[in-house]
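Thank you for making time for this one today.

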Amino acid sequence: MCLFCEIINGNIPSTKVYEDDMIYAFKDINPAAPVHFLVVPKEHIENVNGINAENSKYVAHIFEKIPEIVKSQGIDSYRVINNCGKDAGQTVMHLHFHVVGGTELGEKIL
Ligand code: 5GP
Ligand code: ZN
């Protein structure tokens with residue numbers, strides 16, 4: 001089972017920031033900003049390349065919930081980042097969106 005599936009099912013501890021029947025959000029172990037959490041679907045999807053008509057509801061739900069989750073973390077300005085595949089720096093092969101904020105964010109490539 002992949003690392004984030006283990007985190008979702010509680011076999012590996014994490015600091016939860018939000019959970020419902022479809023998605024799980026938890027603090028990144030190596031935060032890049034004062035607020036840095038990851039939002040993942042409870043169904044294992046490898047990355048953006050694995051999104052299809054059957055599972056895209058998880059992605060829609062993630063984005064529906066992000067505004068509420070960031071509010072609970074005390075911010076309303078933030079960056080949502082996804083790394084898809086090895087060259088893009090994806091290290092955990094379970095779809096996840098980084099949400100980072102809580103400070104003025106520096107460098108950007110876009
Ligand atoms: P990626 O590089 O795949 O886009 O992001 C993976 C993220 O998962 C990294 O920011 C890394 O710090 C985080 N991460 C890796 N292992 C763990 C873990 O065991 N627990 C938590 N909470 N985050 C992790
Ligand atoms: Zn997984």
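Before anything else, a word on terms: a residue is called buried when its relative accessible area is under 20%, exposed when that value is over 50%, and partly exposed in between. Please also keep in mind that what you are looking at is a predicted model.

With those cut-offs in hand, let me begin at Glu19, which you will find in strand β1, the strand made of residues 16-19. Glu19 has a relative accessible area of 33%, and therefore it counts as partly exposed.

Let me now turn to the ligand. Where does ligand 1 sit? It sits in the largest pocket, and there are 16 residues around it, of which Lys27, Asp28, Thr91, His96 and His98 come nearest. When those shell residues are sorted by kind, 7 are nonpolar, 7 are polar and 2 are charged.

Some of the contacts can be followed atom by atom. A nitrogen atom of ligand 1 lies 2.9 Å from a backbone N or O atom of Lys27, and a backbone N or O atom of Ile29 is found 3.3 Å from a nitrogen atom of the ligand. On the side-chain part, an N or O atom of His96 is 2.9 Å from an oxygen atom of ligand 1. Taken on its own, ligand 1 has 520 Å² of accessible area, and the protein covers 82% of that.

Which elements give two or more residues to this shell? They are α1, residues 3-8, and β2, residues 23-27, with the largest share, 3 residues, coming from α1.

I would like to stay with His96 for a moment, which has its place in the loop between β4 and β5. Its relative accessible area is 6%, so His96 is buried.

Ala88 and Glu64 are 24 residues apart in sequence, and from C-alpha to C-alpha they are 25 Å apart in space.

Next comes another histidine, His61, which belongs to helix α2, residues 56-72. Is His61 buried or exposed? Because its relative accessibility is 13%, His61 counts as buried. The side chain of His61 is joined to the side chain of Asp20 by a polar contact of 2.6 Å.

The last stop is Ser77, in the loop between α2 and β4, the latter being residues 78-81. Ser77 has a relative accessibility of 53%, and so it counts as exposed. In sequence, Ser77 and Leu105 are 28 residues apart, whereas in space their C-alpha atoms are 9.6 Å apart.

To go back over the accessibility values before we stop, His96 is buried at 6% and His61 is buried at 13%.

Definitions and conventions: Residues are numbered from 1 along each chain as its sequence is written. Chains are lettered from A and ligands numbered from 1 in the order in which they are written. This is a predicted model: local features need pLDDT of at least 70, side-chain atom pairs count only at pLDDT 80 or more; totals for chains, interfaces and linings use all residues. Side-chain values use heavy atoms; hydrogens and water are left out. A residue is near a molecule or strand if one of its heavy atoms lies within 4 Å of it. A polar contact is a pair of N or O atoms within 3.5 Å; within protein, one must be able to donate a hydrogen and the other to accept it, and residues adjacent in sequence count only if both atoms are side-chain atoms. Accessible areas come from the Shrake-Rupley method with a 1.4 Å probe; for residues, only the protein chains shown count as cover. On a 1 Å grid over the protein atoms alone, a cavity is a set of points where a 1.4 Å probe fits but cannot get out, and a pocket is an open set with protein on both sides within 12 Å along at least five of seven lines; lining residues have an atom within 4 Å of a point. A molecule sits in a cavity or pocket if more than half of its atoms lie within 2 Å of its grid points. Helices (H or I, at least four residues) and strands (E, at least two) are DSSP runs, numbered from the N terminus. Ala, Val, Leu, Ile, Met, Phe, Trp, Tyr, Cys and Pro count as nonpolar, Asp, Glu, Lys and Arg as charged, and the others, Gly among them, as polar. Buried means under 20% relative accessible area, exposed over 50%, partly exposed in between (1.4 Å probe, protein chains only).
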